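Thanks for coming. I'll take a few minutes to walk through one model, so please have the sequence and the structure open.

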Amino acid sequence: LSYSIGTNSSTSTMNLLKSSLLLLISSTSVHSFTTSPSSLVSVPRTTKKTVDLARPTTSKTTSTSLAVGTEIVEPSYNLALGSLALGAAFGVPGSPLKSKLSAFLGGIPLTLFGLFLAFQTTTLRFTLDDDNFSLVKSNLESTGENVVVGGENVWSYKSFVNYDVFPSRNFPILIYFKETQTPEDQWNIGPGEQANSEEALAKGAVRGQVHFFPAIGNTEQLIGGFEKHDCAKLDL
């Protein structure tokens with residue numbers, strides 16, 4: 001992420017504050033991706049990789065059986081670096097945005113969040129096979145059961161009812177998707193309550209389980225995979 005900070009530009013300051021708010025919101029909206037101490041990931045633009053199924057598994061952790069030709073979404077540290085840069089902008093001496101209040105409300109949380117994103121980007125990966133979108137560890141082993149809504153972190157493309165990028169595909173901070181594979185009694189947990197409300201349904205939304213995660217990987221590769229596999233997307 002790249003930000004232009006000008007001492008005489010109120011517009012730049014407002015853009016920084018809006019981006020900071022989105023980043024902080026994302027730190028509390030990834031509950032449905034939580035797997036253990038690790039919880040989320042996402043996604044850079046590089047060459048596709050395929051899984052070497054001949055590689056032996058020596059770890060005691062349960063391994064994931066990946067289909068031939070499974071695409072591993074490449075990691076990206078852009079969002080982590082952007083968070084750390086914003087944290088510095090709010091906290092370092094000489095910054096036009098620095099104050100005791102901004103250091104505590106912006107600088108420290110954004111710096112810690114940037115470190116958290118870097119850790120998650122290093123330890124987790126998304127995969128795309130012919131039928132499913134999955135979250136696995138960086139060594140391609142299973143992340144285990146989702147501790148919030150239960151079940152493996154594997155979602156069928158056919159279960160998708162919507163997906164999107166916020167604030168935009170050209171400037172990704174949050175990735176969102178909604179699916180119906182998760183048991184229905186879990187759909188209203190967290191942000192699902194609002195996303196499945198009567199008001200949302202009246203505007204064209206479709207009921208399902210909501211997932212958000214920071215765009216810490218190749219967003220184009222990920223969204224391109226959703227498009228390739230005809231994942232449902234609403235035009236709201």
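Before going on, the ground rules. This is a predicted model, where local features need pLDDT of at least 70 and side-chain atom pairs count only at pLDDT 80 or more, while totals for chains, interfaces and linings use all residues. Residues are numbered from 1 along each chain as its sequence is written, and side-chain values use heavy atoms, with hydrogens and water left out.

Back to Gln 221. This residue sits in helix 6, residues 219–228; helices (H or I, at least four residues) and strands (E, at least two) are DSSP runs, numbered from the N terminus. Is Gln 221 buried or exposed? Gln 221 counts as buried because its relative accessibility is 10%, and buried means under 20% relative accessible area, exposed over 50%, partly exposed in between (1.4 Å probe, protein chains only).

Gln 186 is also buried, at 19%. Gln 186 is in the loop between strand 6 (171–179) and helix 4 (192–195), and its side chain makes a polar contact with the side chain of Asp 185, at 3.5 Å.

Four strands form an open sheet in the order 1-2-3-4, with antiparallel pairing; two strands pair if DSSP finds at least two bridges between them. Strand 3 (residues 132–137) and strand 4 run antiparallel and are joined by 3 bridges. Within that pair, Phe 133 has Trp 155 as its bridge partner in strand 4.

Phe 133 brings us to the cores. A nonpolar core is a set of buried Ala, Val, Leu, Ile, Met, Phe, Trp, Tyr and Cys residues joined through side-chain atoms within 4.5 Å. The largest one has 19 residues, and those with the most contacts inside it include Phe 133, Tyr 163 and Leu 222. Strand 2 (124–128), strand 3, strand 5 (160–168), strand 6 and helix 6 each give two or more residues to this core. A second, separate core has 7 residues, among them Phe 113 and Ile 216.

That's the tour.

Methods
Polar contact = N/O pair within 3.5 Å; in protein donor to acceptor, adjacent residues only side chain to side chain.
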